[in-house]
Amino acid sequence: MADGTGHSRYVKLTKDQAPVDDIKPGELNQPIEVPQLNVHRCNECGQPLPESYQPPADEPWTTGIFGCAEDRESCLSGLFCPCVLFGHNVESLRDDIPWTRPCICHAIFIEGGMALAAGTAIFYGVDPKTSFLICEGLLFSWWMCGVYTGLVRQSLQKKYHLKNSPCDPCLTHCCLHWCALCQEHRERKGRLSDNAVMPMTVVNPPPVQQMKPADDNDQDSAAPPSADNNGHTNMEMQAL
């Protein structure tokens, strides 16, 4: 109080009290993840779908497996540098993976095994002692070609709901690896070009509206209604 006789209703804070934990800026504004809300929804109606739902793979490929001549750039790249073409295909599916990583893996496991078999045959010849190493290098490249690149083709089919063309993805890469890489590149290129074209919406501006000055409105409201010879008053109703 002012005279010092009464007890104060305020509490004085001192430095001897226990320190409060420091709260960093934005610490209390972190998003909360609710598992019940992370559900698959239909792209058309937005209804939730069960976890076991798989979209039907019935979409055909835009180009055939032997349509390499339709895109000259991808044909030359897949023939002389298949690892580079494979890296760009993976990068289009996964934004978090740069194209250099799958390119190096393709060059080591597939081209490396083929180079090992070819180098062994050139420098040491083909005999019973080296034939085992040559076959081992070729079989390793063939197995990695079917499994590693086949999984990427399977991811592409799931993304665009594509059916097997001409057969299972792994078997396709085992038998037609270079043709499959070119087909995947053409499919990815065609899908991206279709998504880039957005429909244009034309919005017409509203008609020009004119407003009368305030003086004219006051004069119209102040003017008395006119009467005809019969004594009837002429009144007009205007919509507001």
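Biologist: Which helix gives the most to the nonpolar patch?

Modeller: This is a predicted model, with residues numbered from 1 along each chain as its sequence is written, and side-chain values use heavy atoms, leaving out hydrogens and water. Local features need pLDDT of at least 70 and side-chain atom pairs pLDDT 80 or more, while totals for chains, interfaces and linings use all residues. Helices are DSSP runs (H or I, at least four residues), numbered from the N terminus. Two helices, α3 (100-124) and α4 (128-160), each supply at least two residues of the patch, and the most, six residues, come from α4.

Biologist: What is the area of the nonpolar surface patch?

Modeller: Its residues have over 30% relative accessible area (Shrake-Rupley method, 1.4 Å probe, only the protein chains shown counting as cover). Members include Ile 104, Phe 109, Trp 142 and Trp 143, and the area is about 900 Å².

Biologist: Where does α4 bend by about 30°?

Modeller: The bend at a residue is the angle between axes fitted to the seven residues ending there and the seven starting there. For α4, that residue is Gly 150.

Biologist: How far away is the cysteine sulfur nearest to that of Cys 75?

Modeller: A disulfide is a pair of cysteine sulfur atoms within 2.5 Å. By this rule the count is zero. Cys 75 is in no disulfide, and the sulfur of Cys 68, the nearest, lies at 5.3 Å.

How values were computed:
Patch = residues over 30% accessible without salt bridge, like charges linked within 9 Å, V, L, I, M, F, W, Y side chains within 5 Å. Salt bridge = Lys/Arg side-chain N within 4 Å of Asp/Glu carboxyl O.
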